[in-house]
Amino acid sequence: MSASLSLRPTLYEETVPGGGHTSFVLKRGQLLRITDIQGGANVSLLLLNAMEKSERLNLPDTLKCQHTAKLTAGHCLYSDMGRVLAAITADSCGWHDSFGGVLNADEVRQKYGAGRYQELRNGFFRNGTDNLLVEMGKWNLNVQDLLMVLNLFSKVTVDEEGGFVFQSGNSKADDYIELYAPMDTLVILTALQHPLDPAPEYAPKPVQLSWHKIESDGISVLCRTSRPENGRGFHNTERLYI
């Protein structure tokens with residue numbers, strides 16, 4: 001744990017096992033740290049406005065307004081209403097993928113084999129679509145609400161022919177990303193391999209989550225000032241709480 005983070009009150013910690021999934025509301029003013037415990041993790045992440053869940057993460061707008069194809073510290077994660085669902089205030093990994101999406105059950109079976117519960121019990125092969133839908137159902141959401149996901153800890157580049165290329169080894173053990181919430185944000189995630197990961201074995205890695213209380217929104221200054229658009233995005237968000 002970094003020296004700066006160790007000075008912030010820790011509210012709660014938990015580990016999401018490889019193949020696991022969870023969901024929760026990251027309250028306004030809280031910070032979530034997600035840590036790759038072993039290296040090589042991937043976390044597929046959905047974000048929504050916890051008060052009005054029809055407002056959710058819009059990755060095209062997030063990339064377009066910040067003039068980037070990769071996401072890292074200083075960037076904001078925008079909703080389709082131009083508000084900031086979360087701000088990336090720290091990141092030791094340096095690149096998080098917004099292209100890859102998640103696999104469904106048929107795609108996992110084609111890539112890794114059967115992996116059935118009947119033989120493997122709790123070690124059966126899970127898929128991102130079903131994992132996310134399980135969590136979404138807890139919040140009265142369904143398949144029509146499963147839109148865009150951000151794949152944390154994974155790096156995907158584009159070759160000269162326009163094809164996506166997965167870059168192995170992007171995230172090392174203890175790499176982390178910190179998400180600051182300027183609004184009450186519903187977080188839904190699953191820890192599964194990236195769809196483009198060429199590794200032939202089903203072997204998703206665990207991640208650690210820790211919630212922290214932040215005494216001042218000064219932690220968001222980097223994100224607020226990295227682009228003029230981000231200052232406006234925070235303004236749009238803060239109007240919710242007038």
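Gly82 counts as partly exposed because its relative accessibility is 27%; partly exposed is the range between buried, under 20% relative accessible area, and exposed, over 50%, using a 1.4 Å probe and protein chains only. You'll find Gly82 in the loop between strand S5 (76–78) and strand S6 (84–91). Strands here are DSSP runs of E with at least two residues, helices are runs of H or I with at least four, and both are numbered from the N terminus. Leaving out residues up to four places away in sequence, Gly82 touches Gly233 and Asn236, where contact means heavy atoms within 4.5 Å. Asp61 sits 21 residues from Gly82 along the chain, with 8.2 Å between their C-alpha atoms.

A word on what you're looking at: this is a predicted model, in which local features need pLDDT of at least 70 and side-chain atom pairs count only at pLDDT 80 or more, while totals for chains, interfaces and linings use all residues. Residues are numbered from 1 along each chain as its sequence is written, and side-chain values use heavy atoms, with hydrogens and water left out.

Stepping back, the protein chain has seven helices and 12 strands. Along the principal axes, the C-alpha atoms fill a box of roughly 55 × 45 × 40 Å. Buried residues come to 51% of the 242. Of the contacts with a separation of 6 or more, 78% link residues 24 or more positions apart.

Now for strand S3 (residues 30–36): seven of its seven residues are buried, so S3 is largely enclosed by the rest of the structure. In a regular strand, side chains alternate between the two faces of the sheet. In S3, Gln30, Leu32, Ile34 and Asp36 point one way, Leu31, Arg33 and Thr35 point the other, and all are buried. S3 pairs antiparallel with strand S12 (residues 207–213) over seven bridges; two strands pair if DSSP finds at least two bridges between them. Within that pairing, Ile34 stands opposite Leu209. S3 also runs antiparallel to strand S10 (residues 176–180), joined by five bridges, and there Arg33 has Glu178 as its bridge partner.

Strand S4 (residues 43–49) is mostly covered too, with seven of its seven residues buried. Val43, Leu45, Leu47 and Asn49 point one way from S4, while Ser44, Leu46 and Leu48 point the other way. Seven bridges join S4 to strand S11 (residues 185–191) in an antiparallel arrangement, and Leu47 stands opposite Val187 there. S4 also pairs antiparallel with strand S7 (residues 150–152) over three bridges, where Asn151 is the bridge partner of Ser44.

What does Thr22 contact, leaving aside its neighbours within four places in sequence? The list is Glu14, Val16, Glu135, Val187, Ile188, Leu189 and Leu209. Two of those names have come up already: Val187 stands opposite Leu47, and Leu209 stands opposite Ile34. Thr22 itself lies in strand S2 (residues 21–26), and it counts as buried because its relative accessibility is 13%.
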